[in-house]
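Please look over the structure before reading on.

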Amino acid sequence: MDTPFSTQIRVASQEQHAEAETSPFMARMLGGSLGVEAFARYTEQLWFVYRALEDGAGRLAGDPVAGPFVRPELMRTAALERDLAHLRGVRWREGLTALPSTAAYAARIEECARAWPAGYIAHHYTRYLGDLSGGQIIRDRAERTWGFARKGDGVRFYVFEEVANPAAFKRTYRELLDAVRADELVRQRIVEECRRAFAFNGAVFRELDQEFPLSA
Ligand code: HEM
């Protein structure tokens, strides 16, 4: 097994990644045919996901396996809350609901954060490395489609102010993955959890797609 772990996990999720990129909801979002209401609803779902990822992060920072991945410059909850205040108004918390798929996704992240730090890494990787990559394409499209200020309110979630060089950051992140303190069996279980994380994201997209069948 000479393949670096970062390569294993990327290759194992490549197919699902392609599915996510071309899922109807994403395709419509990138194609500019969704209304801002759908984007707001999606941002709300992200809030539940990142709260699950980040609420437990403080405790995990000292964990020998997941700890090295917990980096303050990645934290997204505050940015999401600013975006939601912009999208929904100051009372954005009222009426905020998780779709069933989002609730299941967040519950699984919380479970990993609490009981299986190695599994938490799979969720961490799936979201943050994605946000640093394709997230930038989504931001650009959202700015053009709905007229948000460049890197401003509405799309702050996609702006990693404290990551000066995303390409370098991703390289370092892959090194962390390669050095993860887990044996081959646990690494395989992390890869499985990553597939599960992608599946959760796919389920959220499907529910969103159903909620916004036409442009809304
Ligand atoms: C339309 C939507 C998407 C686009 C356009 C997109 C695009 C990209 C691109 C261009 C990269 C490569 C970046 C690089 O090599 O540095 C990437 C990587 C990645 N994306 Fe996406 N993506 C999308 C959706 C998603 C979703 C929904 C997820 C999961 C929730 C995701 C997770 C990832 C991950 C984990 C990586 C890192 C792969 C690695 O190098 O290990 N992406 N994405």
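α3 passes α10 in a right-handed crossing (left-handed if the near helix is turned anticlockwise from the far one by less than a right angle, right-handed if clockwise). This is a predicted model: local features need pLDDT of at least 70, side-chain atom pairs count only at pLDDT 80 or more, and totals for chains, interfaces and linings use all residues. Residues are numbered from 1 along each chain as its sequence is written.

**Helix pair**
- Ala38, Arg41, Tyr42 and Gln45 of α3 meet Val204, Leu208 and Glu211 of α10 (contact: C-beta atoms, placed from the backbone, within 7 Å).
- This contact has 4 nonpolar, 1 polar and 2 charged residues (nonpolar: Ala, Val, Leu, Ile, Met, Phe, Trp, Tyr, Cys and Pro; charged: Asp, Glu, Lys and Arg; polar: the others, Gly among them).
- The axes of α3 (residues 36-55) and α10 come within 11 Å and cross at roughly 150° (axes are lines fitted to C-alpha atoms, for helices over the stretch in contact; angles run from 0 to 180 degrees between N-to-C directions).
- The two helices, α3 and α10, are therefore roughly antiparallel (angles over 145 degrees).

**Gln188**
- Gln188 lies in α10 (helices are DSSP runs of H or I, at least four residues, numbered from the N terminus).
- Gln188 counts as partly exposed because it has 14 C-beta neighbours inside 10 Å (buried: 20 or more; exposed: 12 or fewer; partly exposed: in between; C-beta atoms placed from the backbone).
- Its C-alpha atom is separated by 9.0 Å from that of Gln8, 180 residues away along the chain.

**Ligand shell**
- α7 supplies the largest share of the shell, 5 residues.
- The shell divides into 7 nonpolar, 6 polar and 4 charged residues.

Methods: Angles under 35 degrees count as roughly parallel, over 145 as roughly antiparallel, 65 to 115 as roughly perpendicular and the rest as oblique. Two residues are in contact if their C-beta atoms, placed from the backbone, lie within 7 Å.
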